[in-house]
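User: Hi! I'm new to reading protein models and would like to go through this one with you. Could you show it to me?

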Amino acid sequence: MKEQEDYNYQCFDSMMNSLFDLANELHDRLEEDEELTDAEAVFLRSFDLYVDSCCELDDLEEEEAR
């Protein structure tokens, strides 16, 4: 069971790294004044909201732990 959990974590970690790479690439393109496709813009907005939400949750958990 532990091996399966480790494998699942590695897969999730790899997927998140790929999504962060894509988001960073899209942010770079925006900084260079390149237009994004509708799909790219929707992905970037959604991913940025996801990251912001995770950061807020982490902050709340830290405050509660104090």
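User: What do the buried residues of H1 pack against?

Analyst: The buried residues of H1 pack against H2. Helices here are DSSP runs of H or I with at least four residues, numbered from the N terminus. This is a predicted model, where local features need pLDDT of at least 70, side-chain atom pairs count only at pLDDT 80 or more, and totals for chains, interfaces and linings use all residues. Residues are numbered from 1 along each chain as its sequence is written, and side-chain values use heavy atoms, leaving out hydrogens and water.

User: Which residues of H1 are buried?

Analyst: They are Met16, Ala23, Leu26 and Arg29. Buried means under 20% relative accessible area, exposed over 50%, and partly exposed in between, using a 1.4 Å probe and protein chains only.

User: Which residues make up the largest nonpolar core?

Analyst: Six residues do: Met16, Ala23, Leu26, Leu36, Leu44 and Phe47. The name nonpolar core is for a set of buried Ala, Val, Leu, Ile, Met, Phe, Trp, Tyr and Cys residues joined through side-chain atoms within 4.5 Å.

User: What is Ala23 in contact with, leaving aside its neighbours within four places in sequence?

Analyst: Ala23 is then in contact with Phe43, Leu44 and Phe47. Contact means heavy atoms within 4.5 Å.

User: What joins the side chains of Arg29 and Glu40?

Analyst: A polar contact of 2.9 Å joins them. The term needs a pair of N or O atoms within 3.5 Å; within protein, one must be able to donate a hydrogen and the other to accept it, and residues adjacent in sequence count only if both atoms are side-chain atoms. Arg29 lies in helix H1.

User: Why is Asp33 called exposed?

Analyst: Its relative accessibility is 71%, so Asp33 counts as exposed. Asp33 sits in the loop between H1 and H2, and has a positive phi of about 60° although it is not a glycine. Most residues other than glycine have a negative phi.

Conventions:
Helices (H or I, at least four residues) and strands (E, at least two) are DSSP runs, numbered from the N terminus.
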